[in-house]
Each structure stands twice: as structure tokens, then as C-alpha cells.
Amino acid sequence: MKKFFEDIKKDVKFKSAGPGKKLTEEASAKAEAAQSSSSAKHNRYAPSEGSQRAGAAALARIEQHPRPKVHTSQDAIRNQVRRELEAAALTDKEKADAAEGSKVPVIDPACLSVSGVYFTCPLTGATLTKSEREVHIKEAILMRFEEDAVEASVMMVHTFNKDREKVKAAVDIISKYIENICKNPTEEKYRKIKLSNKVYQEKVRCVEGSREFLEALDFTSVMLPVEGQEEEEEFLVLLEYCPDALELMKERRDRLQRGEPVRAQLDRQPQAFRASPNAQRFELPPVFYNLTAEELKKEQQQRSEIVEKNAMMRTKAMREKEEQRERRKYNYTLLRIRLPDGSLLQGTFYAWDRLPVLFAFVRESLVDGWQPFDLIAPGGQKLKEAEDVALAECNLVPAALLTFAWDAVVQADIAAAGGKSPALLKPELLETIRTLS
């Protein structure tokens with residue numbers, strides 16, 4: 001067995017250095033001979049130097065034996081990602097061009113309550129628009145290969161693939177490969193993965209990052225003979241191992257199993273405003289809506305019908321059904337909280353964020369966030385921090401003005417003890433306070 005893997009290692013070195021050089025020399029010789037013959041017969045139309053180099057390269061490719069494409073460079077992976085994203089961008093542009101004729105009125109950016117929706121990359125800390133998220137995160141993951149190939153490949157598996165069932169299937173198969181090696185470290189058959197194997201093709205190969213993970217475990221691509229076949233096939237082979245490496249392999253398997261997708265986090269864009277009579281006025285950019293341009297146009301046309309609908313006699317069930325349908329139109333919501341001194345705190349949320357997320361945002365913005373407080377929704381409804389209810393279900397989409405109030409009982413105790421009213425917003429928010437237009 002030792003001799004088997006030593007022969008493979010020699011073969012790997014030979015194929016990475018010898019044949020390529022030999023083929024290049026032969027191709028160059030043939031190209032030079034072709035050039036000499038062509039010059040004698042058709043000197044006037046002799047090929048340019050660039051054409052000669054292209055011909056030599058083409059001849060070298062023709063003479064090489066066909067073999068499966070092996071991704072050995074992160075640059076190649078990065079270029080592939082760029083091509084895919086560029087293709088997706090073209091599709092998005094076509095959609096935008098198709099919707100351009102809908103003639104939805106464009107709001108002056110200066111009049112918007114917020115310029116847009118932004119996200120933060122957890123890997124780099126960069127602030128991104130919605131359209132920049134996927135490109136940036138993929139590139140950030142690929143850059144991680146230089147620091148930790150295992151971590152990067154785990155991120156790649158869980159982030160680049162949308163089908164979670166396929167990811168789970170691939171992770172299970174790779175885990176089985178590792179378990180077999182750890183249980184039978186001296187058995188060479190467990191240290192070889194035939195890439196044409198049906199299970200590998202159907203369960204592993206289709207998941208981006210799976211091969212990169214195996215290569216990060218020191219599996220090496222090797223062309224080996226197959227019994228009953230004339231042509232060699234590609235295998236991933238674990239050439240060397242030691243008992244201490246088995247524990248490390250198990251730890252890396254666990255990292256793969258615990259992996260989670262890398263997702264950009266919503267930037268809530270906390271902003272303080274001075275007291276203003278325009279607190280209930282909201283002008284939102286289109287990104288807040290889960291609607292196409294044509295649907296937005298219809299939405300605006302239907303606004304005039306709202307008064308008539310409200311005047312009609314409708315049952316409670318009819319009203320609730322219509323409200324649910326309305327809430328599904330929104331991706332995000334812009335909330336303002338009016339504080340006791342009249343100043344305002346504004347933040348952006350997902351429409352499906354829960355009430356505890358809203359309370360946490362307010363608490364983190366206060367100097368004395370430890371003190372209990374209440375949030376009152378439009379209409380006088382007191383929101384409860386402990387309730388796991390989506391903001392959309394509380395009719396707080398696509399925008400709403402809430403009222404903040406300190407807990408009356410606690411404030412009475414503080415006053416009785418001779419204490420002062422607590423400070424409100426943190427200094428960093430007050431440093432950038434603005435006036436609503």
C-alpha cells in the first residue's frame with residue numbers, strides 16, 4: 001500500500017512538471033516547421049507572430065489527452081462567480097428595462113424619508129445596497145481561501161447554494177467519506193474518491209464548495225487507471241495521513257456540519273430628529289415595496305378607492321383578509337418613535353421582524369435603556385415586548401409613528417426618591433440629529 005501511494009505521488013509530480021513542458025516543446029517545433037513551410041510558399045501572406053503563438057497553443061491543446069477540468073486556482077473560481085453574477089445582472093437589467101415603460105412617478109430623492117435600504121457584510125463590515133450584497137459576500141468568501149481554506153469552503157458550501165436539501169445531502173456524503181477514513185485509516189479504498197462515481201456526481205459535485213472543502217482536507221486530484229477501461233479517470237486521493245491528522249479531520253467535518261449561510265445584515269440606519277410637525281409624513285423609496293413597477297402604478301391608482309371601500313359595510317373576516325393581503329406587499333418598514341421631549345428616533349426594519357427586535361433597537365439607542373418603557377402604536381395599542389409578533393401583523397408597515405413612554409410606576413418611584421428624569425438618546429445619535437423637512 002505504501003508503494004501504491006508513493007507511485008501516485010511520483011505520478012502527480014511527473015504530470016505537473018514533465019508532460020506539459022514536453023507538449024509545449026513539441027507544439028512549438030511543429031508550429032515553427034509550419035511557419036517555415038508557409039514562408040517558402042506564401043511569403044507575402046506569412047502569419048503574424050501573434051497568429052503563430054495562437055496556432056502553437058491550439059496544437060498543444062489538440063495533442064493533449066482529454067481529462068476532466070480541475071479547479072486548482074481560486075482566481076478561476078472568482079472569475080466563474082463574476083461571470084455568473086454578470087449574467088444575473090444582465091437579467092435584472094432586462095427586467096428593469098421592461099418595467100421602464102410603466103411610467104411610475106419618480107420621487108425626488110431629496111424628499112425621501114430615507115435614501116434606501118442598506119446592509120452590512122458580516123465578513124468585511126462594508127455597507128452595501130440590496131443589489132451589491134451577493135457579489136460582495138461571494139468575493140469576501142473567496143478572499144478567505146488565502147487565510148483559511150477550510151473556513152472559506154464551509155462558507156462556500158452553505159452560502160453559494162440555495163437548495164438547503166442538496167446542501168444537507170452533500171454534507172452527509174462528505175461526512176461519510178471522513179468517517180470511513182477515520183474508522184479505516186489504513187484502507188486505501190476509503191482514501192480515494194472516484195469523481196465519476198454516481199453518488200459523487202449526483203450528491204456532491206452539484207454543490208459549489210464541496211470539492212474545495214475536500215481539497216482543503218488535502219485530497220489531491222490524480223489520474224488513475226481503472227480496471228476494464230483503457231483511459232484513466234480522475235480521483236481525489238488522500239495521499240498522506242497520520243493518526244494526529246484524523247482528529248483534525250473530524251474537527252473539520254464538524255465545522256462543515258455546523259456551517260450556516262453568510263448573510264448580509266440589515267443596517268437599521270438609526271437617526272435622531274428634532275421635534276417636528278412632519279413626524280407622520282413618510283416618503284419611501286420603491287425598495288420598501290414587494291411590488292413590480294406596474295403594481296406600484298396600480299397601487300397609486302387604487303388609493304383613491306380607499307375612502308369608498310372604508311365606507312362600505314364589511315365583515316370583520318373580510319377586513320382581516322384584506323389587511324393580510326395589504327401587509328404582504330411590503331419588504332421593509334420605516335418606524336419613528338416619538339420620545340417624551342418630542343424628539344424622534346428612526347430605524348429601518350424587515351416587515352417580518354418581531355416586536356422584541358423593535359424593543360431591542362430602542363433600548364440600544366437610549367442612555368438608560370435598562371429602565372422599562374412602553375411603545376404605543378397608532379390607534380393607542382400598547383405593544384408588548386414579550387410577544388413574538390411580526391411588525392406587519394401589528395399594522396406597522398410600510399411606515400408608522402410610535403409613541404414612547406417610560407413605565408409610570410418606575411418613574412413615580414424615581415421621583416419619590418428625589419431622582420431626575422432619565423436622559424434619552426445616546427450622545428452619538430444626538431451628534432448627528434437632523435430636522436425633518
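**A walk through the model**

So, the overview: the chain has 15 helices and twelve strands. Here helices (H or I, at least four residues) and strands (E, at least two) are DSSP runs, numbered from the N terminus. Of the 437 residues in the chain, 35% are buried. By buried I mean under 20% relative accessible area, while exposed is over 50% and partly exposed is in between, with a 1.4 Å probe and protein chains only.

Some ground rules. This is a predicted model, so local features need pLDDT of at least 70 and side-chain atom pairs count only at pLDDT 80 or more, whereas totals for chains, interfaces and linings use all residues. Residues are numbered from 1 along each chain as its sequence is written, and side-chain values use heavy atoms, with hydrogens and water left out.

**Confidence**

pLDDT is the predictor's confidence in each residue, from 0 to 100. The chain has a mean of 79, and 66% of its residues reach 70 or more. Over residues 13-47 the pLDDT is below 50, and that stretch has 21 contacts in the model beyond near neighbours in sequence. A contact, by the way, means heavy atoms within 4.5 Å. Residues 98-105 also stay under 50, and there the model has nine contacts beyond four places in sequence.

On contacts across the chain: take those between residues at least 6 apart in sequence, and 72% of them join residues at least 24 apart.

**The sheet**

What order do the six strands of the open sheet take? Reading across, you get β7-β9-β8-β12-β10-β11, with mixed pairing. Two strands pair if DSSP finds at least two bridges between them. At the edges stand β7 (271-273) and β11, each with a single partner strand, so one side of each has no neighbour in the sheet. Zoom in on β10 (residues 373-376) and you'll see that it pairs with β12 in the antiparallel sense, over four bridges. There, L375 sits opposite F404 in β12.

**Charges**

How many salt bridges does a search of the whole structure find? The count is 14, where a salt bridge is a side-chain nitrogen of Lys or Arg within 4 Å of a carboxyl oxygen of Asp or Glu.

Let's look at E234 and R211, whose closest N and O atoms are 2.7 Å apart in their salt bridge. E234 is in strand β5 (residues 233-238) and R211 is in helix α8 (residues 210-216), so this pair ties together parts that are 23 residues apart in sequence. Both E234 and R211 are buried.

Next, E247 and K250 meet in a salt bridge at 3.5 Å, N to O. They are three residues apart in helix α9 (residues 243-258), which puts about one helical turn between them. E247 counts as exposed at 51% relative accessibility, and K250 is partly exposed at 28%.

Then there's D388 with R354, where the closest N and O atoms are 3.9 Å apart. D388 lies in the loop between β11 (382-383) and β12 (399-406), and R354 in the loop between β9 (344-350) and α13 (355-365), so the pair ties together parts that are 34 residues apart in sequence. D388 is exposed at 56%, and R354 is partly exposed at 33%.

There is also a network of salt bridges linking D148, E251 and R255.

Now for an arginine without a salt bridge. R191 sits in the loop between α6 (164-183) and β3 (192-194). Buried as R191 is, the nearest side chain of opposite charge, E188, is 7.2 Å away. For charge, Lys and Arg count as positive and Asp and Glu as negative, with His and the chain ends not counted. What does the R191 side chain reach? The backbone oxygen of L239, at 3.0 Å.

The peptide bond from V397 to P398 is cis, with omega near -5°. N395 is in that loop between β11 and β12 too, and has a positive phi near 60° although it is a residue other than glycine. N395 is partly exposed, at 45%.

D218 is another non-glycine with a positive phi, about 80°. You'll find D218 in the loop between α8 and β4 (219-224), and at 53% relative accessibility it counts as exposed.

That's my tour, thanks.

Key:
Polar contact = N/O pair within 3.5 Å; in protein donor to acceptor, adjacent residues only side chain to side chain.
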